[in-house]
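Subject: Structure handover and notes

Hello,

Here is the structure I said I would pass on. Please look it over before you read the notes.

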Amino acid sequence: MPAHDTRLPLSRRGFLLASTGAAAALALAPAPAHAGARRPFGRFGSPAARLTPQTLYVDPKGLGDHTTVKDAVTAATGSGWTLVLAPGTYRETVAVDVTRTEATWIGASEDPRDVVIVYDNAAGTPKPGGGTYGTTGSATTTVQADGFTARWITFANDWLRADHPDITGTQAVAVKVQGDRSAFHHCRFLGHQDTLYADSIALTSFARQYFSHCYAEGDVDFVFGRATAVHENCHFRTLNRTDLAAAPYGFVFAPSTAGANPRGYLVTRSRVSSEAPDGFYKLARPWVPSSDTTARPSLVVRDTWLGPGIDAAAPYTNMSDAFPWQNQRFAEYRDTGPGARITVPENRPQLTAQQAESATREAYLGDWKPWREEC
């Protein structure tokens, strides 16, 4: 197992313990001194000293070009814009459409705890004009454009089941990413069900996505979708639940990889921890959507530490018995930790050393090398 930061991330649950009510669930602690009022944009310039002509500054206190991320995105038409976000909680929904390519968002303090984009729609939340939002519509942030990069930002959805017992559509997406060449470095994804939707713009689009040194938490299918997504040096944390009396509490991964796509999710040099009882979570289940019954979900978890929260004897299960997980593309390689113990070999498919040579970030992402990008 590689070395990891041993500090427990300030999770969404940690925020909740310090506040009352879902509306205030992500109230921030005072910003650190380096992100104070005199220099809210840190080393990334200011409206008076722009990094580039295509850099916009966002500050909820009014010291930037815009006070909301949504307004800055609206102003940044076309390709190649950079948004620098000052510390604050941005309670809003944001969408980056397909025309706004090669965008970069930077959390100015270089600490994702300081910059939080959050809202609280769920799939079953009523829309003002009638109907409900659905899973896709619940997303706090939606990114459809190619070439999107985010650094040091928290994407969150703080909708809570306990606050809405009348709503059965409990999917609540923090971010839905559909564009090709989408990279997230040192970001956090906070929610419960369907937190991180790593997807593509269409069934025939094999969108490549890269998540480096990120943190994601949730309970049901909280990393899901049909993207070709590499998660490297990431931390996934399963939450405790008080609304269920028995296992399983949920599932970490739910890929829906298109059958024609040779590669789906790759998790490497990462870790999975839990605040739930031992063995109460499955590592994954395959999602074969009704819109694509030819999907063959793909997941490789390699060189990753699996904590005791994962059911080691039966880490995979079916979402639908019509599409058993054994018929999908699930495999592991050189995983460690109590959740990686192989006690029932037929339940823990393993790559051979030769197969593992093709389960790398280079093989999954091709000519795109986002790990070389610098801010």
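Below is what was found in it, by topic. Please keep in mind that this is a predicted model.

The sheet

Eight of them form an open sheet with parallel pairing, in the order β3-β6-β9-β12-β15-β18-β21-β24. β3 (88–91) and β24 are the edge strands, each pairing on one side only.

Strand β18 (residues 235–238) can be followed residue by residue. His-235 and Arg-237 point one way from this strand, while Phe-236 and Thr-238 point the other way. All of these residues are buried. On one side, β18 is joined to strand β15 (residues 215–218) by four bridges, and the two run parallel. β18 also pairs with strand β21 (residues 271–274), again in the parallel sense and over four bridges. Thr-238 stands opposite Gly-218 and also opposite Ser-274 in β21. Phe-236 has Val-272 of β21 as its bridge partner.

Aromatic pairs

There are 19 aromatic pairs in the structure. One of them is formed by Phe-148 and Phe-184, whose ring centres are 5.7 Å apart; with the planes at 50°, the pair is tilted. Phe-148 belongs to the loop between β7 (141–143) and β8 (149–151) and Phe-184 to strand β11 (residues 182–185), so this contact ties together parts that are 36 residues apart in sequence. Phe-148 is buried, at a relative accessible area of 0%, and Phe-184 is buried with a value of 0%.

Another tilted pair is made by Tyr-316 and Phe-330, with ring centres 5.2 Å apart and planes at 45°. Tyr-316 is in the loop between β24 (305–306) and β25 (329–333), and Phe-330 is in strand β25, so the pair ties together parts that are 14 residues apart in sequence. Tyr-316 counts as buried at 5% relative accessibility. Phe-330 is buried as well, with a relative accessible area of 6%.

Ring pairs also link a cluster, made up of Trp-105, Phe-148, Phe-155, Phe-184, Phe-189 and Phe-211. The Phe-148 and Phe-184 pair described above is therefore tilted, and both of its residues are listed in the cluster.

Charges over rings

The charged end of Arg-361 sits over the ring of Trp-371, at 4.2 Å from its centre. Arg-263 lies over the face of Tyr-364, and here the distance to the ring centre is 5.9 Å.

Cavities

Rolling a probe the size of a water molecule over the atoms shows where empty space is left. Searching the whole structure gives two cavities of 30 Å³ or more.

The largest cavity has a volume of about 70 Å³. Its lining consists of Val-73, Ala-76, Gly-78, Ser-79, Gly-80, Trp-81, Leu-83, Val-96, Arg-100, Thr-101, Ala-103 and Trp-105. By class, that makes seven nonpolar, four polar and one charged residues. Trp-105, one of these lining residues, is also listed in the aromatic cluster.

The second largest cavity holds about 40 Å³ of space. Around it are Asn-157, Trp-159, Leu-160, Arg-161, Thr-170, Ala-172, His-192 and Gln-193. This lining divides into three nonpolar, four polar and one charged residues.

Backbone details

A few points concern the backbone. The peptide bond from Ala-247 to Pro-248 is cis, with omega near 0°. Pro-248 is in the loop between β18 and β19 (250–255).

His-213 is not a glycine, yet has a positive phi of about 55°. His-213 lies in the loop between β14 (208–212) and β15, and at 41% relative accessibility it counts as partly exposed. Asp-221 likewise has a positive phi, near 50°, in a residue other than glycine. Asp-221 is placed in strand β16 (residues 220–225) and is buried, with a relative accessible area of 7%.

Regards

Notes. Residues are numbered from 1 along each chain as its sequence is written. This is a predicted model: local features need pLDDT of at least 70, side-chain atom pairs count only at pLDDT 80 or more; totals for chains, interfaces and linings use all residues. Side-chain values use heavy atoms; hydrogens and water are left out. On a 1 Å grid over the protein atoms alone, a cavity is a set of points where a 1.4 Å probe fits but cannot get out, and a pocket is an open set with protein on both sides within 12 Å along at least five of seven lines; lining residues have an atom within 4 Å of a point. Grid points are joined across faces, edges and corners, and a volume is the space filled by probe spheres set on the points. Ala, Val, Leu, Ile, Met, Phe, Trp, Tyr, Cys and Pro count as nonpolar, Asp, Glu, Lys and Arg as charged, and the others, Gly among them, as polar. Rings of Phe, Tyr and Trp (its six-membered ring) pair if their centres lie within 6.5 Å; planes under 30 degrees apart count as stacked, over 60 as edge-to-face and the rest as tilted. Buried means under 20% relative accessible area, exposed over 50%, partly exposed in between (1.4 Å probe, protein chains only). A charge sits over a ring if NZ of Lys or CZ of Arg is within 6 Å of the ring centre and within 35 degrees of the ring normal. Two strands pair if DSSP finds at least two bridges between them.
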